[in-house]
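The exercises below are meant to be worked with the sequence and the 3D view at hand. Each task is followed by a solution in steps.

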Amino acid sequence: MRYNGSFRYKEQRKKQISKAVLAVILSLVVIAAAFFSVYAFSRSVSEKQSENNTLTEKLSADATTEMTMKHGAVCMLTLPEDVDIREVAFTSSDEKIVRVDSAGRVDGIKEGTATVTATDGDFSAACLFTIEAAEKTKAPSEITTAYLANLDTLYANIEKSRDNLYHLTVNRRTNTVTVYTYNEKGEYNVPVRAMVCSCGEGGANITPVGEFRTASMREWATLYGDDTHEFLYGQYVTEFNGEILFHSVPYELKDKQALETWEFNKLGTNASQGCVRLAAADSYWIYKNCPLNTPVSVIDADSSADPLGTPPAVTQNMNNGWDPTDPDKNNPFRDKLPRILNIEDVTLRLGEKFDPMDGVESKDICGNIITDRVTISGKVLTDKPGTYYLTYNVTDDFHLTRSANRTVVVK
């Protein structure tokens, strides 16, 4: 039996729902939607990729400079052009508050103030550092590649009313779902979320263009099978055009550990036979945040119609049967972070060649190599004896970040 991206419930849907019961269900869904939105992982679309956020401060012999930074931050001190850093000694007045290495890298260790000085025979300069408490960060409430933006507008809308927050647009050509909220004129043209998807593969199996509205919802729904399965199953299912649905990538069984991984790895391409497939976190977001009667537009356009762009489609290489984005508390991917491997302290001989990336490897939570995304704070001067500190940072497509520290001694 060919999988066609539509669903078929094992039992006929009950149509004799009273208006009172329906009203209660609708109100509960709307409340859940607003709650989930407020506490959703609020990473801006502008933060799609890891960046090296090392601060810099130029020293001057004319006056003491001042620098304020957060606990855990890094600052690289720079010198006037006529000063040779190899002749300069860096010292801290209190290494319990700030430490400085032989290349002028300053680390904020704890709250307080301390002065870092740089001296050689003819040059002397100082910088007074004030270390403030770091802002507390919350762990992401979802693992997703989705891009978020304009959350200030969204939260303002939630404050005004929890009703009619969203309009969904599916671009079947770019396999992108863009979520809009409304502006001050009530026009749904403020993009707040973009999700990668898989629309119909084409021909008879196409996602119809048109204007629709969300209808029934199921946590699980039975789908038509394929050549080897009588039935397949979709998770976090939202109907919006008859048997055309938003749902997760198919599962072979009604079991969160039975994901068709090879189909998950097709996200971002036209792979379904009509429905709009998404990673579990994204189908869940629609399921929880878009109540009955939410408008859905299906368009066929180029990437200019996707204001936030198309998020990356991540390959699942772990073969454990789980969707890595599934919000289920038993998901083995939960609480995982990308890894940075082969970071070891090292001692070098004076003048010895040193490549800080030699042998270093980084992998995301799915086992994909992301070494090219690693950034380094700090530097090593192999022709200057001393101690150097390096921090390796990486952020994967799920917006998850990992750091690793390394000490290099040159003798």
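Helices (H or I, at least four residues) and strands (E, at least two) are DSSP runs, numbered from the N terminus, and two strands pair if DSSP finds at least two bridges between them. The model is a predicted one, in which local features need pLDDT of at least 70 and side-chain atom pairs count only at pLDDT 80 or more, while totals for chains, interfaces and linings use all residues. Residues are numbered from 1 along each chain as its sequence is written, and side-chain values use heavy atoms, with hydrogens and water left out.

**Exercise 1. The chain as a whole**

Task: state how many helices and strands the protein chain has, and what share of its residues count as buried.

Solution. Step 1: the protein chain has four helices and 24 strands. Step 2: 50% of its 411 residues count as buried; buried means under 20% relative accessible area, exposed over 50%, and partly exposed in between (1.4 Å probe, protein chains only).

**Exercise 2. Strand 6 and its partners**

Task: find which strands pair with strand 6, and describe where its side chains point.

Solution. Step 1: strand 5 (residues 98–100) pairs with strand 6 in the antiparallel sense over three bridges. In this pairing valine 98 has glycine 108 as its bridge partner.

**Exercise 3. Salt bridges**

Task: from the 14 salt bridges that the structure holds, work through the pairs made by aspartate 107, arginine 277 and aspartate 383.

Solution. Step 1: a salt bridge is a side-chain nitrogen of Lys or Arg within 4 Å of a carboxyl oxygen of Asp or Glu. Step 2: aspartate 107 forms one with arginine 99, the closest N and O atoms being 3.5 Å apart. Aspartate 107 is buried at 8% relative accessibility, whereas arginine 99 is partly exposed at 27%. Step 3: arginine 277 and glutamate 263 form another, with the closest N and O atoms 2.7 Å apart. Arginine 277 lies in strand 17 (residues 276–278) and glutamate 263 in helix 3 (residues 261–264), so the pair ties together parts that are 14 residues apart in sequence. Arginine 277 is buried at 1% relative accessibility, and glutamate 263 is buried at 11%. Step 4: aspartate 383 meets arginine 86 in a salt bridge (2.6 Å, N to O). Aspartate 383 is in the loop between strand 22 and strand 23 and arginine 86 in the loop between strand 3 and strand 4, so this pair ties together parts that are 297 residues apart in sequence. Asp84, Arg86 and Asp383 are linked in a network of salt bridges.

**Exercise 4. Threonine 174**

Task: is threonine 174 buried or exposed, and with which side chains does it make polar contacts?

Solution. Step 1: threonine 174 is found in the loop between strand 10 (167–171) and strand 11 (176–181). Step 2: threonine 174 counts as buried, at 16% relative accessibility. Step 3: its side chain makes polar contacts with the side chains of asparagine 171 (3.2 Å) and threonine 176 (3.2 Å). A polar contact is a pair of N or O atoms within 3.5 Å; within protein, one must be able to donate a hydrogen and the other to accept it, and residues adjacent in sequence count only if both atoms are side-chain atoms.
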